[in-house]
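Dear colleague,

I am handing over the structure below for your records. My findings follow it.

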Amino acid sequence: MRFLPTLLDGAWITVQITVLAILLALFMGFVSGLMRLSGVWAVRAVASVYIEIFRGTSALVQLFWMFFVLPFFGISLDPFTVGWIALGLNVGAYGGEVVRGAIQAVPRGQYEASIALNMSKWLAMRRIIVPQALPAMVPPWGNLFIELLKATALVSLITISDLTFRAKQLNDQTFQTVEIFTLVLFLYLAIALVITGVMRIVERWTGRGLARGGIK
């Protein structure tokens, strides 16, 4: 247990990157998902390019590209910023398809009802369609967040002192491999369980909101 304080310091960095990346992923997921449903071809095309690039290439390559290649274009970001932006954009691309699929799964009658109520497209989306789609989005988003957490281990390759980086440092210094990486395993598991617990609460909340006739 003598390694725990150092590993907890690394775990705190991992948590920060995870939270920031989740917020970015949610934003990009909803924006790109709604853009994919746009009636404007150019808007759909921009969203499709973003989604296909980030789903079709390795998260590690994306991380390295932002860290090593962007400076050639005059954009230099610190490793921490690169870490959460790269992971957030990567997961957001998958989230965009989750959002699009959930919205398209809402019964057609709901769209027709919004038209009958003389709602604008975006008002109907905000008040009727998205609230009904949210319960279907939550489980896949939860899975994506767990995958994001596991992917944070990649940021150790660009010198961020996250949990994996600290574990490798300790192992190189002490060779206490079993103890160190067993602690790391349980720390990642603990963070994952917190994410799972939060998503279950969100799932129950969205379900109750739908039962009450919508989420305000």
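In this predicted model, the largest nonpolar core comprises 55 residues, and L7, I103, M137 and W141 are those with the most contacts inside it. Two or more residues each are contributed to this core by helix 1 (4–36), helix 2 (41–56), helix 3 (59–69), helix 4 (79–104), helix 6 (121–151), helix 7 (163–174) and helix 8 (177–211). The greatest contribution comes from helix 6, which gives 14 residues. As for M137, once its neighbours within four places in sequence are set aside, its contacts are F30, V98, V99, A102 and I103.

With regard to the overall fold, the protein chain contains 8 helices and 0 strands, and its pattern along the sequence reads α-α-α-α-α-α-α-α. Its C-alpha atoms fill a box of roughly 70 × 45 × 20 Å along the principal axes. Of the 216 residues in the protein chain, 41% count as buried. When contacts between residues at least 6 apart in sequence are considered, 75% of them join residues at least 24 apart.

The buried residues of helix 7 are L163, T164, F165, R166, A167, L170 and N171. N171, which lies in helix 7, has a relative accessible area of 15% and is therefore buried, the cut-off being under 20%. Leaving aside neighbours within four places in sequence, N171 is in contact with Q176, T177, I180 and F181. Just after helix 7, F175 adopts a positive phi of about 60 degrees.

W65, F72, F73, I75 and L77 together make a nonpolar surface patch of about 590 Å². Of these residues, L77 is found in the loop between helix 3 and helix 4. Is L77 buried, exposed or partly exposed? Its relative accessible area is 35%, and this value lies between the 20% and 50% cut-offs, so L77 counts as partly exposed.

Yours sincerely

Note on methods: Residues are numbered from 1 along each chain as its sequence is written. This is a predicted model: local features need pLDDT of at least 70, side-chain atom pairs count only at pLDDT 80 or more; totals for chains, interfaces and linings use all residues. Side-chain values use heavy atoms; hydrogens and water are left out. A nonpolar core is a set of buried Ala, Val, Leu, Ile, Met, Phe, Trp, Tyr and Cys residues joined through side-chain atoms within 4.5 Å. Buried means under 20% relative accessible area, exposed over 50%, partly exposed in between (1.4 Å probe, protein chains only). Helices (H or I, at least four residues) and strands (E, at least two) are DSSP runs, numbered from the N terminus. Contact means heavy atoms within 4.5 Å. Patches are made of residues with over 30% relative accessible area and no salt bridge: like charges are joined within 9 Å, nonpolar side chains (Val, Leu, Ile, Met, Phe, Trp, Tyr) within 5 Å. Accessible areas come from the Shrake-Rupley method with a 1.4 Å probe; for residues, only the protein chains shown count as cover. A salt bridge is a side-chain nitrogen of Lys or Arg within 4 Å of a carboxyl oxygen of Asp or Glu.
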